Amino acid sequence: MTQPTSIRPTGIRREIVQLPLFLQLFGVSAVSMILPSIHGLVVNDHLASRAFLYAGLLGLVAFTLIAIAHAGRKPLDGALGPLLSLLSAFVFLPVFFAVPFLEALPTTRFVNVYFEMVSALTTTGATMFDNPERLSNTLHLWRAQVGWMGGLLMWVTASAILAPLHLGGFEVTAQAEPGRPDDRMGNRMGRITPRQRLLRTTQALLPIYFGLTLLLWLLLVIGGETALVALCHAMSVMATSGISPIGGVDEAQIGVTGEAVMMLFMLFALSRLTFSKDTVTATQGGLMTDPEFRIGLLVVIGVPLLLFARHWIGAFEVEVEVDGTRALEALWGGLFTVLSFLTTTGFVSEHWAEAQNWSGLRTPGLVLMGLALIGGGVATTAGGVKLLRVFALYQNGVREMDRLVYPNSVSGAGAAGRRLQSNGAFIAWIFFMLFAMSLAGVTLLLTLTGAPFDAAVVMSVATLSTTGPLIEHAADTPIRLIELGLAAKVILSGAMVLGRLETLAIIALMTPNLWRA
């Protein structure tokens, strides 16, 4: 009598797993609307509660009907399906996410809400609503939750979809061409299908991602932050989305202790080895021999020290009396903010203004833009160019300088250098050129819509590097996105998707080999 009850859930689970990835994500999205619906009910925000409840039920009904229609169909296990589903998720899921948001905030337009949801799902964190008080706490929670889900999606798909296709930074270490599956990986993993790989990766990473978020939330609450703000900030740090219900960490009451706790969790975005060793980027020597982590630490330590020295020298030049306490606060503000923008989170320290002004000099926003362009580690939630590609170009530069002295020498490479394939630096350079062309193209399109050139550059860097807070902190004056025209908002939405998936992945979708697979 117990046999049917043990077999039936397995069969249902198997049918769900065999659905296309986009439909699975759609079903999960419908279920995820339960949390903001419950929150709205608890805080007596019945308009938002009903909007999320009805949208979630509608989504579940639609998902059930589509799942029934797909029942019994043989799943397509080629390389194209998951990658195309990932692109569809970033383009079309925000439409579904925007429905309850628009119902709960009927005073805005759909294009603004769609931009907001694309920004959250791609972990960019740029917002149309620069006044946090315009949104209810339930809508703030939904923004942070969508960003958190987008970060989890990138964690999982990086190793389950992008790694087998040698995209997303893996092309630097792979032995096959970008966008082309490598059969040797399948042999090592027992010829598992992409769907099985997705399931295994999700089962391995979801508990880690959820547990780290829960731990950070508890630490922030213990530090004196309110439960909702702490939860939103914890989700945003883990997803590197930079979404805040109060306008940023600098407006919070957590102090240096809370920022130090958040800073520790930002380190997970510097290298995948901080939480997993399931991809080809792993090294035998552990985290401290990982070039991504080492370069990240060098930038985090070196840039604030340079800024600190610049301010210190400037203070002496203008004969300003140096206060030791203010100097230490300025140094801490630089450390936290540099790590935050390097990981494309975009939070600024409450002492960042001190870091800019204590000597009477201002730190240019170009520094923050440069940090965001570098980005974090491969297969993390961070955006940007990625540290592994920077390391590949650095290694190639060092090798070329060695050849100037010893033209016939043979490079020893070392344990870290041997991770790179023979033409890894060449592929990294190609990506840099594609990124630069994308940056120039988006900037040109924005200027054609009437945006000033300097603002267009800032918005282009912010969206392509998925570092939305740059729009507020990198420009001389904050840019109000809600004042942009329809064309500019559509261009920025496309740029965020392009920055999240990267240009090589979009090009790979046009590869005939994938369509024939």
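Ground rules. The model is predicted, so I take local features at pLDDT of at least 70 and side-chain atom pairs only at pLDDT 80 or more, while totals for chains, interfaces and linings use all residues. Residues are numbered from 1 along each chain as its sequence is written, and side-chain values use heavy atoms, with hydrogens and water left out.

Entry on T443. Not counting residues up to four places away in sequence, T443 touches F453, A456, V457 and S460; a contact means heavy atoms within 4.5 Å. The side chains of T443 and S460 are joined by a polar contact of 3.0 Å. I use that term for N or O atoms within 3.5 Å, one able to donate a hydrogen and the other to accept it, with residues adjacent in sequence counting only if both atoms are side-chain atoms.

Entry on α19. S460 is one of the buried residues of α19, a helix that covers residues 453-464. I read 16 Å from its first C-alpha to its last, close to the 16 Å expected at 1.5 Å a residue; the expected span is 1.5 Å times one less than the number of residues. Nine of the twelve residues in α19 are buried. I looked up what covers them and found, among others, α15 (365-374), α18, α20 (470-473) and α21 (486-501). Just after α19, T466 has a positive phi of about 55 degrees.

Entry on rings. I count ten aromatic pairs, taking rings of Phe, Tyr and Trp (its six-membered ring) with centres within 6.5 Å; planes under 30 degrees apart are stacked, over 60 edge-to-face and the rest tilted. W148 and Y209 are tilted, because their planes stand at 35 degrees, with centres 4.9 Å apart. W148 is in α7 (residues 137-162) and Y209 in α9 (residues 194-222), so this pair ties together parts 61 residues apart in sequence. I find both W148 and Y209 buried. Ring pairs also link F26, F52, F96, F97 and W142 into a cluster.

Entry on confidence. The protein averages a pLDDT (the predictor's confidence in each residue, from 0 to 100) of 84, and 82% of the residues score at least 70. I note pLDDT under 50 over residues 1-9, with zero contacts beyond four places in sequence.

Technical notes:
Helices (H or I, at least four residues) and strands (E, at least two) are DSSP runs, numbered from the N terminus. Buried means under 20% relative accessible area, exposed over 50%, partly exposed in between (1.4 Å probe, protein chains only).
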